[in-house]
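The following note sets out points for a colleague who has the sequence and the model to hand. Each point may be checked against the coordinates in turn.

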Amino acid sequence: MIEFNDVNAALTLLTSSLDAWIWLIPGLAIGLFFGAMPGISITMAMAIFLPMTMYMDFLPSIIFLTAIYTAAGFGGSVPAVLMNIPGTSSAVATTFDGYPMSRAGRHNEALGVALAASVIGTLFAYILLMFLIAPVSRVVLKLGPLELFAVAVWGMLLLGSLTGRSMSRGLLAGAFGVLVGTMGMNTAGHLRNPLELPWLFDGVPVIPAMMGLLAASQLIGLITTDYLIEDEASRKISLKKIIGGMRLALTHPTIILRGSVIGVLVGTIPGVGSSISNLLSYSETKRNAHDADTFGTGNPKGVIAAESANSSSEGGAMATMLALGIPGGGATAILLAAFAMQNIVGGPSFIANNKDIVYAIIFANFAQAVLLLGIGLGFVYIAGYVVRVPLRYLIPSVLVVSTFGAYAIEGNAAGPITLVVFSVIGWAMVRYGYPVAAAVVGLLLGSLLEQNLIRTNQISGGDFIGYAMERPIALVIFALMAISMALSALAKHRRKSRLANLPDQSM
Amino acid sequence: MNNNFTRRDMLRIASVGAAAATVASPAILRAQSGYPDRPINVVIPFDTGGYNDRLARASAPFLQEALGQPLNMINRGGAGALLGHTFFMQQPDDGYTISCSSFGPYVPLNILTQDAPFTVDDFHMINLPSQDYTLMATAADSDIQDAADVIARLQENPGSLSIGIQPASADLVNLMLLLDAHGIERDAVRLVTYDGGGPARNAAAGGVVDIALVGGQGFLPLREQIRPVLVFDEVDNDDWGGDLITDVSGADAEFVYGSQRGWGVHSSFVEKHPDRYEILLNAIETASKSPEMIESLTNQQLATDWRGPEVSNRALRNTAAVMEQHIDLLAGT
């Protein structure tokens, strides 16, 4: 499956000149910085630096851009952990446990865990990519609306575990998120916009709404507190603890493995990607964990699950892009544009004719992952100082930066207005005991769910069962979902009966 | 309690930030007397990475050279270009804000379906190099052979094929005109609606839908995975080898063009500042005809043909007129 001639050629390509390597570190640094800025998406960071690559050779330009891609994916988790703001939508699940860890004074560990899980996820994804490119190109395009609907339903299962104390309030919050997510023009061209506000034709801007729900609502709630971490002694920035967190991540290889596989597979599907994979991985990990009830209160496993999945989605998206010439999302669209600038067209013939370049890209990404470990360590060390800033400075600064970010995403006042409206909603939800995380998950998955349900209906002419019988992949996904749920229910049952039996034995 | 950050520290940090911002702000490349004497904003009513964004950014180095001023890209995506077009119209008509967009069919669509606060006549086209067309395609391994096959199957049973399409699009108008021309009932076909050209093309290439009607230029990178069935144009500019609509529905077949993309300004700018308009027009013409720009853009599968204002404005207005005739098709499906 791996052709060693091409591997050799790739190594020669990479080692023959320094050019390719010079751009690695600046790319990583740029990616980390932009990824950590709330509101600047990975795509935006890559688009800003795309023109620069016109004056580079092909390999250096691709290495530079993929370095930004890799690092921005991790950069998003830094504000997620420290301030409950997902820098990108792929870091939503990172906030669930990363931020509670920070509040408890375990910010060093949380950042270390996130970094290690990201690096291993990236490495693992590119290793899988070497073997997966060929099969991926055969399967990905065959995925239709029913398959995507199945993925969305799988994601919705997460709602069940985000409900907090009251099931009904959790589901209500989730339903609210789904409803908000379906505003605007639907896929069949019908407009759900009773106020006829032009800003809402595309629905509620998701990222500002998410920032408002998750971050601003938290920060408003902290107004009477002096520091993010109450205990002064815990406010230390400790390299040792960050590295300890990285070690901690290594003790959970199954979670990383599961996260990476989910990340790669979901990443290959055009239009789905890392913003869904981190939720799926978190949900699966929580359901299979023996300490599931501590998830959401600062369990490092939650961070590992989210980060290994969102960073490995990059590898999946790259597989689709290289194998089919199809961009799965904005970031790979920019990479394809960079290919085009160099007069290279992605797609099946590109892989067939340029295996050496494909392997060179993969190897360069291994190097990126390893270097990210070092540069990321320095970055989180500096970023960690946020916990030592008094909240009376931090809260206004973060709100201002978030507002600018929300403006940057939308390019008009709709972003900041959405942020403010959803901050108030988020604050009220927290105040009255409704889980905001469930609303965010509903918001992220609502449109995916609805669009694909509509399309399944259109394509099948209303005959869902008959159509499903012709879609083996969808049936496999549904079956896997059922098996996964059954297994975790069985495990829970066993644990319960073991606990119930314990007193008997002691007697 | 011991504060780690004093007020003075915060002020110091803020001032360093402000200084950095000053240093980083772009210096004016070449000071000139007269227009343009400052950078020109380019409003792109789509997000980064799409055709218009790529076209604007790829053309920028050559236009900057011809104009002697840097171009500043502003992406204002959303609501089918309505937000971007509205924003552009709100900017001063002094030639310091121009736009790179799919004016056709989006300006007419904004007006007909979204109650836009502008008219087609508010826009003046300088050059629309890219004129896309609808392509009907099926998966490379599909058993559908050609346009006659598709029409025959639909005539026998209009619901027999699933058809991938974008709602309220030029492609939908073309499909309905084709159905009318061959006596197929409009309401009986099985439409599967997609939110963008990309997903609809992927659905065709993967055989998720039986056929899809989408902008043809976007199909170019997928050439190996699809079988072109019908080109909605009088000529087969991209050498698909499929049937032409004029072969299938007769020489006077009615159809509309897809995206007409390129450079536009406010119509009021042309009246108010004819001298500036002349300079801008010449710069775009010079750049578009320069061998360097043609080579660079061709490599990126972007169009550079110089059609000029007369042809470009006529093309946009034709599209608007045909769209208006078929306004009933543009509501939700």
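A residue is called buried here when its relative accessible area is under 20%, and exposed when that area is over 50%. The model under discussion is predicted.

1. **A buried threonine in chain A.** By that cut-off T332(A) is buried, since its relative accessible area is 1%. T332(A) belongs to helix α16 of chain A, which covers residues 330-341. Apart from neighbours within four places in sequence, its contacts are Y69(A), A317(A), M318(A), M321(A) and P327(A).

2. Most residues other than glycine have a negative phi. N84(A), which is not a glycine, has a positive phi near 70°. N84(A) is found in the loop that runs between α6 (77-83) and α7 (92-103) of chain A. With a relative accessible area of 5%, N84(A) counts as buried.

3. **Two positive phi values in chain B.** D239(B) is also a residue other than glycine with a positive phi, of about 55°. The loop between β9 (226-231) and β10 (243-244) of chain B holds D239(B). D239(B) is exposed, at 61% relative accessibility.

4. Helix α11 of chain B spans residues 291-299, and its buried residues are M293(B), S296(B) and L297(B). Viewed down the axis of α11(B), the buried residues fall within an arc of 90°, and therefore line one face of the helix. An α-helix has 3.6 residues a turn, so residues three or four places apart point the same way. P291(B) and E295(B), on the other side of α11(B), are exposed. Among the elements that cover the buried residues of α11(B) are α2 (51-67) and α10 (274-289) of chain B.

5. **Domains of chain B.** How is chain B divided? Domain 1 takes in residues 31-131 together with 258-330, and domain 2 takes in 134-248. The centres of domain 1 and domain 2 of chain B, taken over C-alpha atoms, are 29 Å apart.

6. **The interface between these domains.** The size of an interface is often given as the accessible area lost when the parts come together. For domain 1 and domain 2 of chain B, about 980 Å² is buried between them, with 62% of it on carbon and sulfur atoms. Contact is made by twelve residues of domain 1 of chain B and eleven residues of domain 2 of chain B. Two residue pairs are in polar contact between domain 1 and domain 2 of chain B, both at pLDDT 80 or more, while zero salt bridges are found across this interface.

7. **Salt bridges around R153(B).** Side chains of opposite charge can pair when their charged atoms come close. Over all chains the count is 14 salt bridges. One of them joins R153(B) and D143(B), at 3.7 Å from N to O. Because R153(B) lies in helix α5 (residues 147-156) of chain B and D143(B) in the loop between β5 (134-139) and α5 of chain B, the pair ties together parts that are ten residues apart in sequence. R153(B) is partly exposed, at 26% relative accessibility, whereas D143(B) is exposed, at 54%. R153(B) also forms a salt bridge with D149(B), with the closest N and O atoms 3.3 Å apart. D149(B) and R153(B) both belong to helix α5 of chain B and are four residues apart, about one turn of the helix.

8. R186(B) and D180(B) form a salt bridge in which the closest N and O atoms are 2.7 Å apart. R186(B) is partly exposed, at 25% relative accessibility, and D180(B) is partly exposed, at 39%.

9. **Prolines of chain B.** Most peptide bonds are trans. The bond between Y35(B) and P36(B) is cis, with omega about -15°, and P36(B) lies in the loop between α1 (7-24) and β1 (40-44) of chain B. The bond between G104(B) and P105(B) is cis as well, with omega about 0°; P105(B) is in helix α4 (residues 103-114) of chain B. P70(B), in the loop between α2 and β2 (71-75) of chain B, is buried at 15% relative accessibility. The C-alpha atoms of P70(B) and I40(B) are 6.5 Å apart, with the two residues 30 apart in sequence.

Notes:
Residues numbered from 1 in each chain as written. Chains lettered and ligands numbered in written order. Heavy atoms only, no water. Buried < 20%, exposed > 50% of the residue type's maximum accessible area, 1.4 Å probe, protein only. Arc of directions from axis to C-beta. Contact = heavy atoms within 4.5 Å. Domains from an automatic or database assignment. Buried area = accessible area lost by both parts, 1.4 Å probe. Salt bridge = Lys/Arg side-chain N within 4 Å of Asp/Glu carboxyl O. Polar contact = N/O pair within 3.5 Å; in protein donor to acceptor, adjacent residues only side chain to side chain.
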